[in-house]
There are 2 protein chains.
Amino acid sequence: MERALISEFTGICAHHGDPSVLVGIGDDCAVIAPAQGENLLITTDALVEGIHFDLSYFDPFYLGRKTAGVNLSDIAAMGGIPRWAFLSIALPLDMEHKRQFARRFGLGLASKLSAYGASLVGGDTVGTRNAMTVTLILIGETRQQRALLRSKAKARDLIYCSGYLGESATGLLLLKHISSKRPGRHRYCPQGPGRLLPRAARRRLIEHHLDPEPRVELGRALADSGLVHCCIDISDGVATDLAHICEESRVGANIYGEAIPVSRAMLSGLRFLRSQGVMEGNVSPVRLALTGGEDFELLWTVPAAHATRIEALAARILGYRPFRIGEITSGDRVMLKDRLGTQDITFKGYEH
Amino acid sequence: MERALISEFTGICAHHGDPSVLVGIGDDCAVIAPAQGENLLITTDALVEGIHFDLSYFDPFYLGRKTAGVNLSDIAAMGGIPRWAFLSIALPLDMEHKRQFARRFGLGLASKLSAYGASLVGGDTVGTRNAMTVTLILIGETRQQRALLRSKAKARDLIYCSGYLGESATGLLLLKHISSKRPGRHRYCPQGPGRLLPRAARRRLIEHHLDPEPRVELGRALADSGLVHCCIDISDGVATDLAHICEESRVGANIYGEAIPVSRAMLSGLRFLRSQGVMEGNVSPVRLALTGGEDFELLWTVPAAHATRIEALAARILGYRPFRIGEITSGDRVMLKDRLGTQDITFKGYEH
């Protein structure tokens, strides 16, 4: 059983051309030769069935891509280059079509990793009586002293983020709504009907949830600039992730509600969900954008003196100007300011 | 919840004196500075509740030590030096006393890691609706070209192992028997009654299962000698682990039943289990030693010309001579030879 599964993963290990991988799958350990003079970045993120994903709307291929994406995003947030991945997967003992699942999952994982220059080089396959758990370990490289940390924000830094927020959370609500309406039809299919919600918007929101884009190139450019104080990826929502920066850097932050980037696709999605009775009318788009989580955009802080240069640098990579959403303060809380007043939103983020 | 748990693990992270750890727990990634000119060894092993362990007989402290031990053993089998560990733990959402569990588990994990020069530097904590899953990632260092692989065995090499086999499997049977007899009394306590089985034997067998000793020093010495062709740790039993060597090296092996090391403690344990009706009378100690698994002794192959030097080297570290149990052949199967004849035992090992 386990050997058959491992052979599925071995088949899609794509490190054959990588001279840094001396031994891949098939020995007690993998053996790699890191570049001289680089530091290593190591991250691990686990996805648990029923908590982080549900197979009623997650195709194994996309689950593989998302598993890679959330880990790639951590390397991006440090400004590193993703290199070597290790998969530890616990599959239910009574699961049907286990090898087919492994193949599709592995193909998704490998396709996402390779798009960012990383490859799967080892791991572990175990059985479980219950929910599937997928754990990826990703190792990246970074030039010495260049990693972007959470602990270096300074009062008066400007706060930027790299893209629209809340799209992933809206996509998840759409997926749950679609799969509850059509219980016989498992898995998301981009060709589904969408009279009430434009097809492009639906597709964008759902893909944002299933297959988020880690900002690896942007992270590297921010790190190489040497001008950015602090960076994090938005996995739990700005309210929580910015609170991590404030805690580690011993600062506070003001966020301006009017500056939070919400997309037209997200507004359409929320209108559709309200029309279906899925969402209550009083959930504001800005609130969802700040607390929804899983957008995997980068959030960084930069002194005002360098802000224009960094804006231009980010715009060249993103194809649009990044969004300035607030500034670091000498306080110790994350405050949301808008027309209605000021609220403390420290750690008011998404919990799975 | 998750932040409280992480703070438990942060508290026991013992890398504060290690200059190679530039950033530990608390950022998107850990940042480490590996030594120049070394290769990295990376291994990951997951333990699933109900499959690999049962909390009715596994104290959290020992579960932590075992989690470290099985991963340390993989580094030992490659002849490496264990350095940096990352923990990914999925705890049931409805679990009681989660912080206490995390503290005791973390203390066990850290105590075992630090005894071998490694430390916990990062990880991930998630919730699950079902069984606990514990995944450790361990990174070690090894001198270039010195890692002991599975793929280098040659016909006529002699096969050695570093200790008695089958003790862990016997210890597990004892633990299950004890916890089934005393359902009100959770967890193993070394002071339990043992009229029918000498206390020292019971303790040895149970500790062998709960807290196996990874042969890190021996593995390094074997690798440094430059004379050993091949090495693996015995996690699934000789029949399976030696089959991995044969598969990767394209060779076969003869194992001599009379040469398999079975301890007096194990024979006492099996006698006791038979007297309690737990085991059928016809399970031979040698069979259990070859297929029981989880002994975490090292098995290595060495050309006959160097065998005496390596025996002496291993004896200095172990305190006793290692056991010569067979030899590599030009075939492709693992054959057991004893007074009763010859049997093919390829991959007839332990499956969890």
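In chain B, strand E9 (residues 252-256) pairs with strand E11 (residues 323-329) in the antiparallel sense over four bridges. Two strands count as paired if DSSP finds at least two bridges between them. Helices (H or I, at least four residues) and strands (E, at least two) are DSSP runs, numbered from the N terminus.

This is a predicted model, in which local features need pLDDT of at least 70 and side-chain atom pairs count only at pLDDT 80 or more, while totals for chains, interfaces and linings use all residues. Residues are numbered from 1 along each chain as its sequence is written, with chains lettered from A and ligands numbered from 1 in the order in which they are written.

**Around strand E9 of chain B**

- B:Ile255 has B:Gly326 as its bridge partner in E11(B).
- E9(B) also runs parallel to strand E12 (residues 334-338) of chain B, joined by four bridges.
- There, B:Ile255 stands opposite B:Leu336 of E12(B).

**Sheets built from both chains**

- One open sheet has six strands in the order E1(A)-E2(A)-E3(B)-E6(B)-E4(B)-E5(B), with mixed pairing.
- Its edge strands are E1 (21-23) of chain A and E5 (119-128) of chain B, each pairing on one side only.
- From one strand to the next, the twist averages 20°. Axes are lines fitted to C-alpha atoms, for helices over the stretch in contact, and angles run from 0 to 180 degrees between N-to-C directions.
- Strand E4 (residues 81-92) of chain B runs parallel to E5(B), with nine bridges between them.
- B:Ala85 has B:Leu120 of E5(B) as its bridge partner.
- Another open sheet of six strands has the order E5(A)-E4(A)-E6(A)-E3(A)-E2(B)-E1(B), again with mixed pairing.
- E5 of chain A and strand E1 (21-23) of chain B stand at its edges with a single partner strand each, so one side of each has no neighbour in the sheet.
- The twist in this sheet averages 20° from one strand to the next.
- E3(A) and E6(A) are antiparallel and share 11 bridges. In E6(A), A:Gly140 is the bridge partner of A:Leu41.
- Helix H3 (residues 98-115) of chain A packs on the sheet and touches E4 and E5 of chain A; its direction makes about 150° with that of E5(A).

**The contact between chains**

- 49 residues of chain A are in contact with 49 residues of chain B. Contact means that C-beta atoms, placed from the backbone, lie within 7 Å.
- Elements of chain A that each supply at least two residues to this side include E1, strand E2 (30-32), H2 and strand E8 (230-233).
- E3(A) gives the most to the side of chain A that touches chain B, with nine residues.

**Strand E10 of chain A**

- Five of the five residues of strand E10 (residues 298-302) of chain A are buried. Buried means 20 or more other C-beta atoms within 10 Å of the residue's own; exposed means 12 or fewer, and partly exposed lies in between, with C-beta atoms placed from the backbone.
- Both faces are covered: A:Leu298, A:Trp300 and A:Val302 lie on one side, A:Leu299 and A:Thr301 on the other.
- Strand E7 (residues 158-161) of chain A pairs antiparallel with E10(A) over four bridges. A:Tyr160 has A:Trp300 as its bridge partner.
- E8(A) is also antiparallel to E10(A), with four bridges. A:Cys230 has A:Thr301 as its bridge partner.

**Helix packing in chain A**

- The axes of H2(A) and helix H6 (residues 216-225) come within 7 Å and cross at roughly 20°. The two helices are therefore roughly parallel. Angles under 35 degrees count as roughly parallel, over 145 as roughly antiparallel, 65 to 115 as roughly perpendicular and the rest as oblique.
- Residues making this contact include A:Leu72 and A:Ile75 of H2(A) and A:Val216 and A:Leu218 of H6(A).
- H6(A) and helix H10 (residues 307-318) pack at about 155°, with axes 10 Å apart. These helices are therefore roughly antiparallel.
- Among the residues in that contact are A:Glu217 and A:Ala221 of H6(A), and A:Ile310 and A:Leu313 of H10(A).
- The buried residues of H5(A) include A:Arg202, A:Arg204, A:His208 and A:His209. The buried residues of H5(A) pack against helix H2 (60-78), helix H4 (167-181) and helix H8 (264-275) of chain A.

Key:
Contact = placed C-beta atoms within 7 Å.
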